[in-house]
Amino acid sequence: MSNNEEEEKKLILREYRALLRALKTRIKRGDKTLLRRAFEMAVDAHMDMRRKSGEPYILHPIAVARIVVEEIGLGIRSTICALLHDVVEDTEISLEDIESEFGSQLAKIIDGLTKISNVVDLKANTTVQAENFRKILLTLAEDPRVILIKLADRLHNMRTLGSMSRDKQLKIASETTYLYAPLAHRLGLNAIKTELEDLGLKFTEPEAYKEIAHKLSENRRSRESFVEHFIRPIKKSLDAREKNYTIIGRPKSIYSIYNKLKKGNVSFDKIYDLFAVRVVLDVPLEREKSDCWEVYSIVTDHYRPNPSRLKDWVSTPKSNGYESLHATVMSMPFGNDKEGRWVEVQIRTNRMDEIAEKGVAAHFKYKGTDT
């Protein structure tokens with residue numbers, strides 16, 4: 001075995017061990033053996049395959065499995081399907097082989113993943129695309145894990161899209177923006193939806209993406225100072241009431257800023273809501289609604305609200321399960337800013353936050369479903 005092969009083998013094992021560590025609390029008796037069998041089957045099936053970047057292909061399904069666990073929050077069954085998601089389409093292994101090794105339920109998920117790859121076709125006209133989208137949603141209704149694993153697969157492909165040819169980059173990035181990001185949104189996977197949109201823009205409009213990313217990076221320090229100044233009185237009031245909370249300020253996504261620049265016909269400097277402040281409360285279920293409104297009252301004691309921009313998804317959650325209270329308030333003057341600026345404040349609980357980031361997968365967790 002050459003040095004290079006030895007290094008690659010070590011890398012594959014290192015990634016697999018990282019996957020095991022991520023799964024640690026979810027592995028039941030017998031699961032580790034099942035997972036090892038899936039890993040070995042995937043390694044053997046993809047043995048002679050390489051990605052466009054030149055790395056061993058097996059690193060892709062391991063990376064998809066890690067996204068499924070670490071970023072979506074699914075369990076052992078979904079991890080096995082993620083490891084095997086390409087074997088039926090790309091190798092000699094059949095669906096019958098999967099079924100005899102891992103059972104009919106996992107075989108059905110892998111069959112769904114194989115079919116989705118053949119459903120999406122951006123060359124098709126709008127009617128055909130709508131029909132294809134309907135097929136994806138029908139699959140989703142049967143078992144949401146099919147779509148969740150497919151989104152993890154697409155996210156990893158987008159993160160590694162740099163090694164593809166320009167025409168492939170454009171095709172995959174356009175597909176991602178028009179089909180996969182809306183799917184992630186429908187499932188309530190906010191973090192993944194945002195990253196898919198940003199990465200889609202990075203490859204379809206590289207100059208615009210670079211310019212916004214550069215400007216966000218350029219004003220990062222002044223933005224952080226402003227956020228610190230803005231949240232100080234809120235923190236003081238929350239501490240006085242002995243609330244358990246975390247509070248952070250984060251920039252809006254590059255894609256959402258790009259859309260504002262495009263639709264509003266304004267310059268970057270005129271977009272004031274470049275970031276949102278999020279207050280996340282640690283409270284029991286029965287106090288969630290009242291505590292969120294109490295925090296809203298605290299925020300508006302310090303800052304003037306814009307009533308027309310109040311969004312109450314705590315009383316009436318969005319159709320994808322999203323729950324949060326959004327208030328837009330006017331800050332006090334700070335630095336060179338003589339008049340203050342509008343700031344969006346998002347108020348939610350830990351449970352709501354997990355559902356906002358992990359959507360359907362978080363519902364699985366709260367129902368205690370084996371995933």
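Axes are lines fitted to C-alpha atoms, for helices over the stretch in contact, and angles run from 0 to 180 degrees between N-to-C directions. This is a predicted model, in which local features need pLDDT of at least 70 and side-chain atom pairs count only at pLDDT 80 or more, while totals for chains, interfaces and linings use all residues. Residues are numbered from 1 along each chain as its sequence is written, and side-chain values use heavy atoms, with hydrogens and water left out.

Q: Why are α3 and α4 called roughly antiparallel to each other?
A: Helix α3 (residues 59-72) and helix α4 (residues 76-83) pack at an angle of about 155 degrees, with their axes 8 Å apart. Angles under 35 degrees count as roughly parallel, over 145 as roughly antiparallel, 65 to 115 as roughly perpendicular and the rest as oblique. The two helices are therefore roughly antiparallel.

Q: Which residues make the contact of α3 with α4?
A: Contact means heavy atoms within 4.5 Å. Pro 61, Ile 62, Val 64, Ala 65, Val 68 and Val 69 of α3 meet Ser 78, Thr 79, Ala 82 and Leu 83 of α4.

Q: Why is Thr 176 called buried?
A: Buried means under 20% relative accessible area, exposed over 50%, and partly exposed in between (1.4 Å probe, protein chains only). Thr 176 has a relative accessible area of 0%, and is therefore buried. This residue is found in helix α10 (residues 166-186). Leaving aside neighbours within four places in sequence, Thr 176 is in contact with Arg 154, Met 158, Ala 181, Pro 182 and Leu 196.

Note on methods: Helix = DSSP H or I, 4+ residues; strand = E, 2+ residues; numbered from the N terminus.
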